[in-house]
Amino acid sequence: MNTINVACPTFKTAESYGRLAGEIATYLASMGYHVNRIGGAGLVDGSRFIPAMGGLVMGYPTLFQGFGGLVNAGPKLALTMFESTQLPPNWAEPLNACKRIVVPARWLVDVFRQSGVETPVEVAPLGISSTFMVPKLRRFTTPFTFLTIGDRGYRKGWWHALRAFTNAFGKDMRYRLIIKARGGHTTALAGISNPNVEIITDEYTDAQMLELYHRSHVMLFPSCAEGFGFPPREFAATGGVALATGFGGTADDIEQWGIPIPYTLTEAWENHDEWKDHLGLWADPDVDALADLMHHVAAHFDDAYAGFGLRAAGYCLSHYTWKRCTQIIDRAWKKVLDDASNTRRETALSA
């Protein structure tokens, strides 16, 4: 049995990296690997530890050194991503210390290259957890319900969604917007008093998120930037209609699983002095265009968009699987091991 270290700062499924770390570790185990799950504070699940060097490292590259000596002494395959067109200036060095890099979206290959990353980069679209692969046909009912995600502050686009909803429907109670946030990201939501806007701040299980998805007709995801974009694809897998910014990680194959929101490019994090001028560009979603699109979707939902939702779900169920993602990662890891073996062989012959 081959052993592999899978190292990630968190394995919590509510966090994007935690979800992908857990899913990939599970599928690697099903492929015959013994997986050492290593978090930011050491071994995660208390299972039997078999010493191994190197491995699959996930998360921000500046955190890789925290995974310990065994991981960093051996060959590493990085799985990481970023949201804007320029990587942070301290990312290139730890990434170039890895043998290969896997990113979840095609646009990131150029972003990494232009940011000084010389290590080979390949693409593995992420998966959708099986809990969300439950397509359900929606029909127009009142209140016609839009859902948006309120996490991560401004970048996730809830503010754009709220403005577009208010512009489109005002306080019309035939339409409702649900903002799903989490406890640590709710300060900016406190002043919202619209009678047709519902704010949910409870921590939800996957099963609760599925129920929320199923009772919503449309997801609004006018994000400024994504490395991949889990929520709109999860929502699309349930048969709902996902409106997402046609930029970055949500741009890949969006015509197959969602409807793109128009945007212009603007400076990333321009209101944060510590990041301003360092992280390139990202999207500024067009709020007026989104409001018009929401009106059109609601007005033509049964005759055009409900069926599209089911077709989009079919695409997600076949293309965004953790099995497919892990198979790509497995092939990349084997290339890493082959490269390391060849290097040792060449070193021995030249000695």
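The model is predicted, so to speak of local features a pLDDT of at least 70 is needed, side-chain atom pairs count only at pLDDT 80 or more, and totals for chains, interfaces and linings use all residues. Residues are numbered from 1 along each chain as its sequence is written, and side-chain values use heavy atoms, with hydrogens and water left out.

**Salt bridges**

Let's start with charge pairs. Side chains of opposite charge can pair when their charged atoms come close. A salt bridge here is a side-chain nitrogen of Lys or Arg within 4 Å of a carboxyl oxygen of Asp or Glu, and the count comes to 12 salt bridges. Three of them are set out below.

| Pair | Closest N to O distance |
|---|---|
| Arg155 and Glu226 | 3.3 Å |
| Lys334 and Asp330 | 3.2 Å |

Arg155 sits in the loop between β8 (144–149) and α5 (158–169), while Glu226 sits in the loop between β11 (218–221) and α7 (230–237), so this pair ties together parts that are 71 residues apart in sequence. Helices (H or I, at least four residues) and strands (E, at least two) are DSSP runs, numbered from the N terminus. Both Arg155 and Glu226 are buried, where buried means under 20% relative accessible area, exposed means over 50%, and partly exposed lies in between (1.4 Å probe, protein chains only).

Arg215 is partly exposed at 28% relative accessible area, and Glu211 is partly exposed at 44%. Lys334 and Asp330 are four residues apart in helix α11 (residues 322–350), which means about one helical turn separates them. Lys334 is partly exposed at 43%, whereas Asp330 is buried at 7%. Elsewhere, salt bridges that share partners join Arg100, Glu122, Lys335 and Asp339 into one network.

**A negative patch**

On the surface, Glu270, Asp284, Asp286, Asp288 and Asp292 gather in a patch of negative charge. Patches are made of residues with over 30% relative accessible area and no salt bridge, with like charges joined within 9 Å and nonpolar side chains (Val, Leu, Ile, Met, Phe, Trp, Tyr) within 5 Å. Asp292 belongs to helix α9 (residues 287–299) and is exposed, at 55% relative accessibility.

**A buried asparagine**

Finally, look at Asn5 in strand β1 (residues 3–7). Asn5 is buried, at 2% relative accessibility. Its side chain meets that of Asn36 in a polar contact of 3.0 Å. Such a contact is a pair of N or O atoms within 3.5 Å; within protein, one must be able to donate a hydrogen and the other to accept it, and residues adjacent in sequence count only if both atoms are side-chain atoms.

Technical notes
Areas by Shrake-Rupley, 256 points an atom, 1.4 Å probe, with all protein chains shown as cover. Lys, Arg positive; Asp, Glu negative; His and termini not counted. Charge placed at Lys NZ, Arg CZ, Asp CG, Glu CD.
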